[in-house]
Amino acid sequence: MKLVIAGLAAVSMGFTALPALAQTAASPVEYDLSFENAVHHEARITVTYRDLARGPVRFEMSRSSPGRYAIHEFAKNVYSVTAVDGAGRPLTVERTDPYGWTVTGHDGVVSVSYTLFGDRADGTYAQIDAAHAHLNMPATLMWAQGYDDRPATLRFRSPNPDWKIATQLAPTADPAVFTAPNFQYLMDSPTELSDHRVREWTVDDSGVARTIRIVLHDPGTDEQADVFAERARRVVAQHIAIFGDVPDYDFGTYTFLADYMPQVSGDGMEHRNSTVISGSRSLADADYGQIGTLSHEFFHSWNVERIRPRELEPFDFTRANPTPSLWFAEGFTNYYGPLAIRRAGVSNVDRFLAEIGGQANVIMNTSARAYGSPQEMSLRAPFVDAATSIDPTNPNIFTSYYTYGATLALTLDLTLRQRFTGVTLDDYMRWMWRHHGVNEKAYTPDDLRVGLAAVTGDQAFADAFFANSIQRSELPDLAPLLAQAGVVLKPRNATGAWAGPARLQVADTTVRLGGATVPNTPLYIAGLDGGDEIVRLGDTVIDSQANWDDALKALKPGDTVAITFIQRGAERTAQLTLAADPSVELVRVETTGGTATPQQLAFRTAWLGEEVAQP
């Protein structure tokens, strides 16, 4: 394939089919991107606006990025900014704040040129080097305030004849030129320039063929690309089965921008008609484990890109964009990602139970539930979603809305299957798709409750679930729900002495607690905190991980022993009363010596799919 373009398929629906993609008659914004100094991570970019109103024009770099919830200061990587008018005359560029530039004295046309430094490839930033140009647009493109409705044209000047262009932007007759209908779509369109491979197939959308494309930039072989694509095809089919419909991709194509190179950072980031899935390990090195990120992000093609929280519409690129519904938008997606892989036969039941059980274990045992509901955790996203700060925060008051929401999805799915004949979480997702996805009617938190009541026909059940488990922090009793499927919720280490979820840092013979201790755990109650050096446990000198492990093995839950530690320069001794490890895991009853009944096996199959040979 000579040219890789996410939107290569003919436009079958046109921009007028979606209000968000409406064309305008205004002069398009023109971007010209070149990469002559790619080896030193620089791009030179020019943006031109025509038919401008009189007066100063403010140009900005974004401070946030679609799919990210924290502030990111992209302007810090922009420099050597100049501007000219329509006749090529230099214009004055004033920098009055860190985030933008003001241009005055123009003749209705302004062309701003700047150098961009980019050396992080993931779902948020830009990386430019000898191997590729990996561009997330908020980290790449400057824009003029007040002209968001204008279409844009982008010309990419590749420094390498082997590089091809992959993007959800619309193609033109010129293979180096692409377009976007407006500012929102432009900023939502990551682009990869590299020497990559392509695997694609079509899926049926009620008689309309939609193309699914994997653009793979990695050091692997064609055979490995084929294996990955085949697994992806099976997973994609399971996601489509969940919703019973394929999104009307704006150019008939959905593209996975898969970047797996040694210099690339691990991430996944959803967009309207594409997603970035990235990491430093090759497919072979990761044993195709990247399928997990692919599955999660593809579910976002429905859930969050089209079934969308109202707080994210329109996306504001000048600030953080919080919503209280990330437990649903991200958390339910975190449940369905591995579930689709299991149903596709790309993993087995035990692997699925280990993954979802690990998430449930975190939520069942986290101290953070005492400090906030799933909605509260969602609203803390701007402080944790790749956000940076110098001062430490209390790690015990936050738990991820990903794991929280996945655990809620698990309990709700099993509850629906138990209480309402023929109703599953799939039905709930389909209802949300029909009422808020197909028509792209953004939802409120209360719309989620209304949908659950409609699917179950039980308003009281929906009200109670949201009051108890969404607005508060209660969890349903998971053990009897799992028992329907012949799955056991069991202690991970029932007899061992447990001091708490301690992460030790060992340097030579010094052993320190690597993080804050957790409320109501033995180490916390004894007065130890993150950074404390552990000197002795009973009569045992602690100078290695092995010494600590051996000392605990000699004790049992309920034993009390002296612990000596150094806390901020002062040596202290306290009494440490060991407890039983509260960690749990999910396993098939067959692995515990029991037998699943025919009813349990039927329930399990209806939930997780047939157990088949993996590829």
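Two strands count as paired if DSSP finds at least two bridges between them. Keep that in mind as you click through this predicted model.

Stop 1: Select residues 164-167, which is β12, and then 191-194, which is β15. These two run antiparallel and are joined by four bridges. Zoom in on T167 and you'll find it opposite T191 in β15. Now bring in the rest: the open sheet has the order β8-β9-β15-β12, with antiparallel pairing. β8 (127-128) and β12 sit at the edges with a single partner strand each, so one side of each has no neighbour in the sheet.

**Stop 2: the five-stranded sheet.** Here the order is β16-β17-β18-β20-β19, another open sheet, but with mixed pairing. Its edge strands are β16 (197-205) and β19 (267-270). From one strand to the next, the twist averages 15°. For a parallel pair, pick β18 (253-260) and β20 (274-279), which share six bridges. Y260 stands opposite G279 in β20.

Helix α2 (222-243) lies across β16, β17 and β18, at about 20° to β16.

**Stop 3: two crossing helices.** Select α4 (326-343) and α9 (425-437): their axes come within 12 Å and cross at roughly 125°. That makes α4 oblique to α9, and the crossing is left-handed. Show side chains for the contact, including F328, F332 and Y335 of α4 and L425, Y428 and M432 of α9. What kinds of residues make up this contact of α4 with α9? Eight are nonpolar, two are charged and none is polar.

Conventions. Residues numbered from 1 in each chain as written. Predicted model: local features only at pLDDT ≥ 70, side-chain atom pairs only at ≥ 80, totals over all residues. Heavy atoms only, no water. Axes fitted to C-alpha atoms, helices over the stretch in contact; angles between N-to-C directions. Parallel < 35°, antiparallel > 145°, perpendicular 65-115°, else oblique. Left-handed = near helix turned anticlockwise from the far one by under 90°. Contact = heavy atoms within 4.5 Å. Nonpolar A, V, L, I, M, F, W, Y, C, P; charged D, E, K, R; others polar.
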